[in-house]
Amino acid sequence: MKPLDVIAIGRAGVDLYGEQVGGRLEDMASFAKYVGGSPTNTAIGMARLGLRAGLITRVGGDHMGRFIREELVREGVDTRGVRSDPARLTALVLLGIRENGTYPLIFYRQDCADMALCEADVDAALIAQAGAVLLSGTHFSTPQTAVASRRAAQLMRAQGGRVVLDVDYRPVLWDLAPRDCGEDRYVPSHSVTATLQGVLDLVDLVVGTEEEIHILGGSTNTLDALRSIRTLTDAPVVVKRGAKGCVVFEGVIPGELDEGLVAPAFAVPETNVLGAGDGFMAGFLRGWLRGEPMARAAAWGNACGAIVVARHGCAPAMPTWPELDAFMAGQGARSPASLDQVHWATTRAPADEALTILAIDHRGLFETLIASGGGDAARVAMFKDLAGLAMERTAAGDRACGLLLDGRFGARALAQAADAPYWIGRPIEISGSRPLRFEGGADVAITLRSWPRPHAVKCNLRYHPDDPADLRAEQDAQLARLFDATRSTGHELLLEIIAAPYGPVHHDTVARVMAHVYALGIYPDWWKLEATDDPAAWSAIEAVIAQADPWCRGVVVLGAESSQAHLAASFAAAAPRRVVKGFAVGRAIWQDVAQEWFTGMIDDETALVRLTENFAAMVATWRQARAKALAPCA
């Protein structure tokens, strides 16, 4: 087996999708940023479906180019063939979704990085590691990119691999349509037809929409176009027909389209068709490259296209293998909306199995300090800067470390952490609120839109299962608002449960709260739970998570007012539980230091040293407990 199943070659850009569905691009007020470019979308889609995918392209040596590269790495796409071009910018595309099924689209690709791809960018050694190459028709629109694409195909054929042609016809990218008509799908051109037909001697599979088959075959009659293609290649030809599914022609072209291998579409609500073709290609190649029957490959392609059609965006809408498997198990009866939790959970960035967090998101304690004359907001911010630096000194690049910090007193420390690899969380609740209230106003989604995407949303939920019904109902409504907001803005949710002060706590009390949250249709990515040395409590918590959300990231133990000795005992009890990933502890690390620093008993450097020592000791305590708990028996 080759190390890579397939390498895509061609466009890579950033899609800026208008967030106001149903309006003109002129009226868009905000845009969502996604990876874009058909080959790049397909590479991500293939990686999500379990294919070992790579990409050959260029991105600008700019912020958008770095964004694409980071997203590709996160998705598991091999980026050895992705070159950074310091002389050019990354391509951009502005897109809108209208209520009448039209999709206004503007390509910003003048002298962009991916169109500077040249033959020297095609590394023969990289091609040798793959079993197939996926070509994009767009990259035959200029002589330089055509030479590069043809070189990749020739190298692949020479080693006995397979070559796939995605016709990917955009008239505006061949200078055949006005710049403001990027959505146009078909303009006849003898020149384009001749150019694309010149590739057919190298391909083993052709995939295109009916309009793309028309341009490739040189006729607006689909059957005549197919017959023209068949005179130039024996490769199977797949015709994508949107809501009609697809048809595959493996041999002689018959007298009717429906006499080919017909794979029906799956009926889903249509939101956006722009990424459907890339989703189809990913699904089809997942089957075809792995030797599945053609009918199954076509069905998978249709299913992936249907899932993408029901979502906003292209690359982020691509399904994962668990998602496709669930969709197919229901024979398409499960709509993409019902797969949202599987999609969310299986497309998140991978999480560390260990997570040790310095929690200094406290606001109430510091507000009390300020009110008593023990300091001011500027001093509090300085102390939180020291705490952030202490975490970084302890972590020294270890991604398993993190920081829980508020945006009020800790804004500067949050900004300083932006370039670091550490886990970052921020509180959203008004400190001490019960019923739950949010900082920034009632519309929590508006607040979260101002937060960087990597920041996890931490919410402290003061909740007891025996609370009065009206209080529980109000808290439930607030929690549902928060969950919907985090999903719409793409932030992970860490939900902290505090039950102890509000009623008797038994071994199943916290588990009952968690089960209730899941019953509301709310799936926190993380749970932050009170430390306990009760094995029955941990068993109940594990059982709830296992039944309700096998994709849950896990649990981190909070410290509250526990001493370091009590926390050590709690760590020992929690460490054998694989659902527990670590801790998020604050006051046991910094409270004594803060008291001495604010009263002038110690200076900045002494405070920093002690904070670093305290956090490092807590990390060591957890890791020792974990190692001992998981060590094989002698």
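Analyst: A disulfide here is a pair of cysteine sulfur atoms within 2.5 Å. The model is a predicted one, in which local features need pLDDT of at least 70, side-chain atom pairs count only at pLDDT 80 or more, and totals for chains, interfaces and linings use all residues. Residues are numbered from 1 along each chain as its sequence is written, and side-chain values use heavy atoms, with hydrogens and water left out.

User: How many disulfides does the structure hold?

Analyst: The structure holds zero disulfides. Cys-118, for one, is in no disulfide, and the nearest cysteine sulfur, in Cys-112, is 14 Å away.

User: Is Cys-304 buried or exposed?

Analyst: Cys-304 is buried, with a relative accessible area of 0%. Buried means under 20% relative accessible area with a 1.4 Å probe, protein chains only.

User: What share of the chain counts as buried?

Analyst: Of the 634 residues of the protein chain, 56% count as buried.

User: Changing topic: what is the volume of the second largest pocket?

Analyst: Its volume is about 1,100 Å³. On a 1 Å grid over the protein atoms alone, a pocket is an open set of points with protein on both sides within 12 Å along at least five of seven lines, whereas a cavity is a set where a 1.4 Å probe fits but cannot get out; lining residues have an atom within 4 Å of a point. Grid points are joined across faces, edges and corners, and a volume is the space filled by probe spheres set on the points.

User: Which residues lie nearest the centre of that pocket?

Analyst: Arg-185, Thr-209, Val-273, Ala-276 and Gly-277 do, out of 43 lining residues. Helix 9 gives the largest share of the lining, five residues. Helices (H or I, at least four residues) and strands (E, at least two) are DSSP runs, numbered from the N terminus.

User: How many cavities of 30 Å³ or more are there?

Analyst: There is one cavity of 30 Å³ or more. The largest cavity holds about 40 Å³ of space, and residues including Arg-11, Asp-15, Phe-107 and Arg-109 line it. Strand 2 (13–18) and strand 6 each give two or more residues to that lining, and the largest share, three residues, comes from strand 2.

Methods
Buried < 20%, exposed > 50% of the residue type's maximum accessible area, 1.4 Å probe, protein only.
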